[in-house]
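Hello,

Here is the structure I promised to pass on. Have a look at it first, and my notes on what turned up follow below.

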Amino acid sequence: MKDAVHKVLRDEQTGFRSNSSYLGYSPVKVNCVVMRGVNEEEIVDFVKLTKDKNIDVRFIEYMPFDGNKWNFKKMVSYAEMIDTIKSTFPDLQRMSDHANDTSKAYKVPGHEGQIGFITSMSEHFCGSCNRLRVTADGNLKVCLFGNAEVSLRDELRRGAEEEEIWQFIEEAVKRKKKQHAGMFNLSKMKNRPMILIGG
């Protein structure tokens with residue numbers, strides 16, 4: 001699996017080349033879940049990828065899901081990642097975010113691409129999150145960390161009209177909690193593994 005990264009990076013002459021798009025995506029987003037003892041020493045290397053490439057590297061705090069052996073000690077916080085990056089790039093600049101962005105955007109002056117941080121654990125953004133997910137088996141999740149799901153599949157199979165589907169979705173969204181339960185409680189809650197949630 002480790003060798004797969006070289007196959008991806010070989011594509012930089014087409015996909016990650018400055019001012020280009022890859023399969024219609026511009027910029028290309030590269031997600032990186034940062035885990036202590038696994039890859040936290042590679043953070044600066046990922047930032048360096050943005051120097052001449054129009055990519056958006058997004059650092060994601062390690063989050064608890066079923067099956068991923070989550071451990072608080074392995075989580076590298078947003079603040080710690082910023083400190084690590086600023087030790088090499090002290091002029092790192094905060095950029096403005098759009099209203100419902102889930103990533104906090106930054107840029108190294110002079111770099112073609114940018115970086116971002118998805119801070120679900122240390123600084124949640126539940127109040128502005130407008131993301132909905134439909135799982136492969138047809139369930140709607142209004143919160144990535146919520147274990148409450150409703151079945152769009154069943155509604156469609158029973159022949160629900162479009163207006164009924166919209167009402168069904170609206171009611172599910174209205175039941176969404178103000179914020180998730182926090183990393184220590186989440187680790188004890190039953191939820192699908194990320195591979196079965198998608199996204």
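Lys104 sits over the face of Tyr78, 5.5 Å from the centre of the ring. Please keep in mind that this is a predicted model. Lys104 has a charged partner too: a salt bridge joins this lysine to Glu123, with 3.9 Å between the closest N and O atoms. That pair links distant parts of the chain, since Lys104 belongs to strand β4 while Glu123 is in the loop between β5 and β6 (133-134), 19 residues apart. How exposed are the two partners? Lys104 has a relative accessibility of 14% and so counts as buried, whereas Glu123, at 38%, counts as partly exposed.

Back to the ring of Tyr78. The count of aromatic pairs comes to 5. In one of them, Tyr78 and Phe117 have ring centres 5.4 Å apart and planes at 55°, so the pair is tilted. Tyr78 is in helix α3 (residues 78-86) and Phe117 in strand β5 (residues 114-118), so this pair ties together parts that are 39 residues apart in sequence. Both Tyr78 and Phe117 are buried. Phe117 also pairs with Tyr106: the ring centres are 5.4 Å apart and the planes stand at 90°, so this pair is edge-to-face. Here again distant parts of the chain are linked, with Tyr106 in strand β4 (residues 104-107) and Phe117 in strand β5, 11 residues apart. Tyr106 has a relative accessible area of 9% and is buried, and Phe117 is at 0% relative accessibility. Ring pairs gather Phe46, Phe59, Tyr78, Tyr106 and Phe117 into a cluster.

Now for the other charged side chains. The chain has 8 salt bridges by the rule used. One of them joins Lys174 and Glu170, at 3.0 Å from N to O. These two are 4 residues apart in helix α5 (residues 162-174), so about one helical turn separates them. Lys174 is exposed at 63% relative accessibility, and Glu170 is partly exposed at 42%. Elsewhere, salt bridges with shared partners join Glu155, Arg158 and Glu164 into one network. Within it, the side chains of Arg158 and Glu155 meet at 2.9 Å, N to O, and Glu155 is buried with a relative accessible area of 15%.

Beyond its neighbours within four places in sequence, Arg58 contacts Lys29, Val30, Asn31, Cys32, Ser103, Gly116 and Ile118.

One more residue: Val150, in strand β8 (residues 149-151), is buried with a relative accessible area of 17%. Leaving out residues up to four places away in sequence, Val150 touches Gly138, Asn139, Leu140, Phe168, Ala172 and Arg175. Val150 and Phe168 are 18 residues apart in sequence, with 8.8 Å from C-alpha to C-alpha.

For the overall picture, the chain holds 7 helices and 8 strands, and 39% of its 199 residues count as buried. Among contacts between residues at least 6 apart in sequence, 60% join residues at least 24 apart.

Best wishes

Notes:
Residues numbered from 1 in each chain as written. Predicted model: local features only at pLDDT ≥ 70, side-chain atom pairs only at ≥ 80, totals over all residues. Heavy atoms only, no water. Contact = heavy atoms within 4.5 Å. Phe/Tyr/Trp six-rings, centres within 6.5 Å; stacked < 30°, edge-to-face > 60°. Buried < 20%, exposed > 50% of the residue type's maximum accessible area, 1.4 Å probe, protein only. Lys NZ or Arg CZ within 6 Å of the ring centre and 35° of its normal. Salt bridge = Lys/Arg side-chain N within 4 Å of Asp/Glu carboxyl O.
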